[in-house]
Amino acid sequence: MSATSDRPNILILLTDQQRYDTIAAAGHPHMITPNLDRLVREGCLFDQAHSPNPICVPARHDLLTGAPGHVHGYFDNSERPIADPGTPTLPGVFARHGYRTALIGKGHFHPPTTAYGYQETLLMEEIPKSVDDDAYLQFLASRGLADLRNIHGVRSMIYHEPQAPIMSEANGGTRWVGQRAAQWIADNGDAPFLLSCHWIAPHPPWTIPANKAGLYANRVLPGSAPGPRGTPFPKAPSTYYGDDDSPEEKRRIREAYYTSVTMVDEAVGLVL
């Protein structure tokens with residue numbers, strides 16, 4: 001969509017921990033991603049794209065500011081404000097030039113409601129601390145699910161284990177981001193806009209609803225990507241890094257991860 005030929009709408013679709021080999025149209029036929037395939041087919045696919053810092057907070061602020069960590073101050077996931085509140089941001093620049101700007105989903109800002117030039121934020125953070133700050137928690141409360149503060153289930157004990165969701169797929173966060181973004185576009189599409197849609201998925205834990213169970217059960221899936229385990233990762237076998245997982249357990253994790261990607265793809269379809 002474009003508002004006018006010289007003032008196009010900007011739509012940013014950002015996922016979290018999605019591997020390079022999880023789009024069918026990018027040459028990975030084990031994936032079920034018809035909507036991401038459409039973006040590849042109708043647009044451009046960059047097959048040599050890299051993040052200056054792939055850790056969550058630095059990567060997001062690199063995108064937000066167009067500047068590296070020595071400017072915005074984030075080199076890890078530290079919970080502190082940006083180094084210079086006056087640092088220019090992408091939504092801030094567009095807002096100053098007459099665009100309507102909004103963020104739906106995960107910002108990972110500190111504090112979470114920092115606007116950074118977004119005129120509207122509808123947040124869905126990983127571990128929200130306050131219902132007042134988190135639009136997705138407010139949505140759950142409106143559905144009678146106000147007690148579901150930890151929306152990803154048990155994190156510390158079974159963080160990398162597939163698990164049953166604690167709400168229906170209709171109330172799940174992945175779908176919520178897509179639905180809310182589609183509604184925002186319907187409400188605001190008559191003027192130039194910049195809309196950032198940020199999913200937490202396929203970041204773990206992977207909560208797979210019953211109707212998606214077995215989606216990848218009969219597919220030939222790739223193995224783990226080879227690579228060295230250098231400092232600071234332990235060289236000795238480590239349960240934390242899955243070295244003790246059986247082939248069956250690893251298969252189950254891969255299926256859950258790919259299913260989570262497909263669920264994001266379906267939410268992208270709602271937006272498109």
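**Questions about a predicted fold**

Reader: In which loop is the place of Tyr116?
Author: Happy to start there, with the reminder that this is a predicted model. Tyr116 has a positive phi of about 55° although it is not a glycine. Its place in the chain is the loop between β4 and β5.

Reader: Is Tyr116 buried or exposed?
Author: The cut-off for buried is under 20% relative accessible area. Tyr116 has a relative accessible area of 10%, so it falls on the side called buried.

Reader: Which residues does Gly92 touch, not counting residues up to four places away in sequence?
Author: Gly92 belongs to helix α4, and at 8% relative accessibility it counts as buried. Setting aside residues up to four places away in sequence, its partners are Tyr116 and Gly117.

Reader: How many residues of helix α2 are buried?
Author: Helix α2 covers residues 56–65 and is mostly covered. Its buried residues are Cys56, Val57, Pro58, Arg60, His61, Asp62, Leu64 and Thr65. The cover over them includes β3, α3, α4 and β6. The count of buried residues in α2 is 8 of 10.

Reader: Which residues does His61 touch, not counting residues up to four places away in sequence?
Author: His61 is a residue of helix α2, and it is buried with a relative accessible area of 0%. Leaving out residues up to four places away in sequence, His61 touches Gly66, Ala67, His72, Tyr74, Ile82, His108, Phe109 and Tyr116.

Reader: Which residues have the most contacts inside the largest nonpolar core?
Author: That core has 30 residues. Elements α1, β4, α5, α6, β6 and α7 each supply at least two residues of it. Another core, of 11 residues, lies apart from it and includes Met31, Trp206, Tyr216 and Met263. Inside the largest core, the residues with the most contacts are Ile104, Tyr136, Leu140, Trp176, Leu195 and Trp199.

Reader: What is Trp199 in contact with, leaving aside its neighbours within four places in sequence?
Author: Trp199 is among the residues with the most contacts inside the largest nonpolar core. Neighbours within four places aside, its contacts are Leu13, Leu14, Thr15, Asp16, Arg60, Thr174, Val177, Gly178, Val264, Ala267, Val268 and Val271.

Reader: What is the omega of the peptide bond from His110 to Pro111?
Author: Most peptide bonds are trans. Pro111 is placed in the loop between β4 and β5. The bond from His110 to Pro111 is cis, and its omega is near -10°.

Reader: In which loop is Pro205 found?
Author: Here is another cis bond: the one from Pro204 to Pro205, with omega near -5°. Pro205 is found in the loop between β6 and α7.

Reader: What phi does Gln17 have?
Author: Gln17 has its place in the loop between β3 and α1. Although Gln17 is not a glycine, its phi is positive, at about 65°.

Reader: What pattern does the protein chain follow along the sequence?
Author: The chain's secondary structure comes to 7 helices and 6 strands. Its radius of gyration is 19 Å, close to the 19 Å that the globule rule gives for 272 residues, so the chain is as compact as a globular protein of that length. Read along the sequence, the pattern is β-β-β-α-α-α-α-β-β-α-α-β-α.

Notes:
Residues are numbered from 1 along each chain as its sequence is written. This is a predicted model: local features need pLDDT of at least 70, side-chain atom pairs count only at pLDDT 80 or more; totals for chains, interfaces and linings use all residues. Side-chain values use heavy atoms; hydrogens and water are left out. Helices (H or I, at least four residues) and strands (E, at least two) are DSSP runs, numbered from the N terminus. The radius of gyration is taken over C-alpha atoms; the globule rule is 2.2 Å times the number of residues to the power 0.38. A nonpolar core is a set of buried Ala, Val, Leu, Ile, Met, Phe, Trp, Tyr and Cys residues joined through side-chain atoms within 4.5 Å. Buried means under 20% relative accessible area, exposed over 50%, partly exposed in between (1.4 Å probe, protein chains only). Contact means heavy atoms within 4.5 Å.
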